[in-house]
Amino acid sequence: MSQVIRLCGQSALSEFRIKKLLQQAKESGLPETLQLRTEYWFFVELQASLAPEEKQKLKQLLDASNKPELAKSSLCLVIPRLGTISPWSSKATEIVRNCGLNKINRIERGMAFWVDGLD
């Protein structure tokens, strides 16, 4: 039976891009106090549980961690449609298997948008 684990990655958007999005949001009438943070989320489908050293290798390859989420933020998660396999997924899965992580069936990447300042 397969299992899926989630890992959090680095910021998905540059500071410049975030500022541009916030400016557009404010021009649309959203509050001036609006704040936005983004990060990549990785969803890893496993055939079997990873050993600690395998999990560490995977985190290193993805530049990922298990960072805690902001409790008071609103989350919007953007992922590929269910049932599709993105080109990023195909390449990432091939890379981790070539690095010896054969328990991984598939990796998919999504973007988490954390929004503060909305009622």
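Start with helix H3. Ser89, Ala92, Thr93 and Val96 are buried in H3. Buried means under 20% relative accessible area, exposed means over 50%, and partly exposed is in between, with a 1.4 Å probe and protein chains only. Those four cover an arc of only 100° around the axis, so they sit on the same side of H3. The arc is taken from the directions that run from the helix axis to the C-beta atoms. On the other side of H3, Pro87 and Asn98 are exposed.

Before I go on, the ground rules. This is a predicted model, where local features need pLDDT of at least 70 and side-chain atom pairs count only at pLDDT 80 or more, while totals for chains, interfaces and linings use all residues. Residues are numbered from 1 along each chain as its sequence is written, and side-chain values use heavy atoms, with hydrogens and water left out.

Back to H3. The helix runs over residues 87–98, 12 residues in total. From first C-alpha to last, H3 reaches 17 Å, close to the 16 Å expected at 1.5 Å a residue. That expected span is 1.5 Å times one less than the number of residues in the helix. What covers the buried residues of H3? Helix H2 (52–62) and strand E4 (104–116) are among the elements that do. After H3 comes Gly100, with a positive phi near 95°.

Now the whole chain. The protein chain has 3 helices and 4 strands. Helices (H or I, at least four residues) and strands (E, at least two) are DSSP runs, numbered from the N terminus. In which order do the elements run from the N terminus on? The order is β-α-β-α-β-α-β. The C-alpha trace spans about 50 × 25 × 25 Å along its principal axes. Of the 119 residues in the chain, 34% are buried. Take the contacts with a separation of 6 or more: residues 24 or more positions apart account for 82% of them. Contact means heavy atoms within 4.5 Å.

Next, H2. Its buried residues are Glu54, Leu58, Lys59 and Leu62. They cover an arc of only 140° around the axis, which puts them on the same side of H2. Note that Glu54 and Lys59 are on that buried list. Pro52, Glu53 and Gln60 are exposed, on the face of H2 turned away from its buried side. What do the buried residues of H2 pack against? Strand E1 (3–8), E2, H3 and E4.

Asp63 has a positive phi of about 55°, although it is not a glycine. Asp63 lies in the loop between H2 and strand E3 (74–78). At 45% relative accessibility, Asp63 is partly exposed.

Glu32 lies between helix H1 (15–27) and E2, in the loop. Buried or exposed? Glu32 is exposed, because its relative accessible area is 62%. Ala48 is in the loop between E2 and H2. Ala48 counts as partly exposed, at 35% relative accessibility. Ala48 and Gln3 are 45 residues apart along the chain, yet their C-alpha atoms are separated by 7.3 Å.

On to the largest pocket. Its volume is about 200 Å³. A pocket here is found on a 1 Å grid over the protein atoms alone, as an open set of points where a 1.4 Å probe fits, with protein on both sides within 12 Å along at least five of seven lines. Lining residues have an atom within 4 Å of a point. Grid points are joined across faces, edges and corners, and the volume is the space filled by probe spheres set on the points. The lining has 15 residues, and the closest to the pocket centre are Phe43, Ile79, Leu82, Arg106 and Glu108. Strand E2 (35–46) and E4 each supply at least two lining residues. Which strand gives the most to the lining? E4, with 5 residues.

Last, the cysteines. How many disulfides does a search of the whole structure find? The search finds 0. A disulfide is a pair of cysteine sulfur atoms within 2.5 Å. Cys76 is in no disulfide, and the nearest cysteine sulfur, that of Cys8, is 15 Å away. Cys76 is partly exposed, at 42% relative accessible area. Cys99 is partly exposed too, at 30% relative accessibility.
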